[in-house]
Amino acid sequence: MAKVLLIAMPLWALAQAGSQALPAVIPLPVTMTPSTGSFIIDGTTKIVVTDSALNKMAGLLNGYVLAYGNKPLSKTTITPGNNFISLSIDSTGIPHKEGYLLHVDKKSIRCIGHDASGVLYGLQTLRQLWQAGKGSIEVPCYTINDDPRFAYRGMALDVSRHLFPVSFIKKYIDWLALYKFNTFHWHLTDDQGWRIEIKKYPRLQSVAAWRNETLIGHKKELPHRFDGKRYGGYYTQQQIKEVVQYAADRHITIIPEIEMPGHASAALAAYPTLGCTGGPYTTATFWGVFDDVYCAGNDSAFVFLQNVLDEVMTLFPSKYIHIGGDECPKTRWKVCAKCQQRKQTLHLPDEHALQSYFIQRMEQYVNSKGRQIIGWDEILEGGLAPNATVMSWRGEEGGKAAIAQHHSVIMTPETNCYFDYYQSLYAEEPLAAGGFTPLQKVYGYEPLAGNADSATTTYLAGVEGQAWSEYYTSEAQAAYMIFPRALALAELAWTPKSKRNYENFLNRLRGEASLLKHQKINYDPHFDDITYTAVPVQNNVLQINLQSAARGSDIRYTTDNTVPTIQSSLYTSAIEIKNTCTVKALLFNRQHQPTGRLFQQSFRIHKAVGATVTLLNKPIDRFNPGNTTLVNGLFGSNRYNDNQWLGFSGNDLEAVIDLGKQQTVQHLALQVLNYHWQRMWAPVTLQLLASKDGEHYTELYRQNSFPVNGINKVDVPVTPVQVQYIKVIGTNKGVIPAGEYGAGGNALLLIDEIVVE
């Protein structure tokens, strides 16, 4: 792979330019200075190791060389005159932990680390530099000084929902090492399956590790459909030990997660006395949050979890044990005599405080074993355990609150770091959990931006990407969802903020393609997809802008619903849309061949497009793309991740559209979402009203029933009327009723385009 550019300036300076070819090194090193020539690795090259602590590192290097079909390199403790690769540690000369110096000239390669981890990361950079050929490997001459931005650089993998074999786990660890992650967060237990052997409790293997069947399609689709196939399995303790050692050899710490007090359905199915009702329970067959959790008033639940953690801590030498602590409904605790007795005895004000007691009691036990806990940001509720590290996933507020209490924080907000979310809005994307997290959004994330005080710096440990596996139905699908977004996170975690540049990153990412392919990573450059913006420029006219990050390609488009060809219109400037149509576009390379995926987007032009919209209540931040979204000619999709839905939490919708002058109106249309599993409820009542003066309104239509689980279309012909103002009122469900998902919380009311014709 052609990666060499021999120029006399540091790589970080080129990064600011953002447009020149660069060696495909990810994450971007702190400084990287090229010189002329290259070093050739062949069968006569020797690996020099004078420190026995680096013998395993030499073995890894040989493995990397062998993977390209080259002969193994012999190892020596005596430095020859030339043609060698030396590995060494110099904690004085390389002052930063995990830092390294990689120097490549025509005669030798020297990889010097502050510690063994630094040597490993120098070798990973070396792998990204080299160009493998038959019988030899060519390495361009560079001097690289490098060290990480954050001490904690993590990637998770959930194996409860879908179980991955040990071979894939090892491959995953290899991928993480290549991109300088140092932590693998292994999510081993949840409602849908218990994946670690615990010898004291054999029913965790025979019962909790298995579910009767698995959900087909998305959890929001009702009625739920199932495949009817028993599913499950677990990792034996011997397999766990093997994986832990494999990771340690690559300087990756594995942090196990054993969920508590919620996400416990699988464990309760095996040992029902640990729950509040005594069961019977079943291992969950679909995704979600379940009311049955460990009983906080039952000492046997604590004994069980302590015994489990005893075996877990024997297998995992990590400083941290992740105990979950998230999404624990208090429904059972509120009516459980034992839980209420515990609350009364301890003089606790509410069930949140009871959860805090639960977490703190387990933390004390873990601390007594010389370890510390990590928990999701819900462990802040009711009072934070004294020594806990908080993993902030529901945005950054939990992280900020923990830092204010001088607790270590790992940032992993779902809006930027959840790789089970869609990475593209194209319709052909495989089923995903929801949300929209494109590559650029991951790369552009800056943890706790604007909070650069000393406390933030001290207590912000790092970042982590989440790979939840509800919709990772195969190894290939898992890799497809994780990459290349994990590479963007790797650079965020390693490279100084001032030296990151997205265009530069894309250039290096393209150069990384052959290495990704060699690593058997299922990789697709979604960042080259055509995207668009639509802006009303005057009443009933939209201006459509098309973009793509693809280099050396033209965009050709049509508006007549045909697939573009090389003869179709060449996109050179914004397209004006004055009539309802579908824009389709394709990339064409220099050989005039179509590349990439077909872009298509429909636009509905009507009398309200571009009109002024006034809202009585502000939408919630998550669903607030702006008032004009209601009149921009675009409908929202059933994935609700396309920035076309306005959402109101607990509040009513009241929108007034000013058409600018009196016009004849005879047709109104809109859509509302009804996904109870996502806390989205259709309005109790929807009213469409009209006015000539904006003061006196006449009701044109009212609807009280929205039976569709998903998008409910409201499409209403009305008696022709002369009006200037249209008012839409949607009465929010308010508080979600008992027995429904999210009971006691606010219902979301979601609405998209309001069509006026």
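## Asp377 and Arg394

Arg394 is partly exposed because its relative accessibility is 41%, where partly exposed lies between buried (under 20% relative accessible area) and exposed (over 50%), with a 1.4 Å probe and protein chains only. Its salt-bridge partner is Asp377, at 2.5 Å from N to O; a salt bridge puts a side-chain nitrogen of Lys or Arg within 4 Å of a carboxyl oxygen of Asp or Glu. Asp377 is buried, at 2% relative accessibility.

## Basis of the values

The model is predicted: local features need pLDDT of at least 70, side-chain atom pairs count only at pLDDT 80 or more, and totals for chains, interfaces and linings use all residues. Residues are numbered from 1 along each chain as its sequence is written, and side-chain values use heavy atoms, leaving out hydrogens and water.

## Other salt bridges

The count of salt bridges is 26. In one of them, the closest N and O atoms of Arg153 and Glu98 are 2.9 Å apart. Arg153 is buried at 1% relative accessibility, and Glu98 is buried at 8% relative accessible area.

Glu491 and Arg508 form another salt bridge, at 2.7 Å from N to O. Both Glu491 and Arg508 are buried. Asp158, Arg161, Asp190 and Glu470 belong to one network, joined by salt bridges that share partners.

## Helices H10 and H11

The axes of H10 (residues 337-345) and H11 (residues 351-368) come within 10 Å and cross at roughly 85 degrees. Helices are DSSP runs (H or I, at least four residues), numbered from the N terminus. Axes are lines fitted to C-alpha atoms over the stretch in contact, with angles from 0 to 180 degrees between N-to-C directions.

Terms used:
Helix = DSSP H or I, 4+ residues; strand = E, 2+ residues; numbered from the N terminus.
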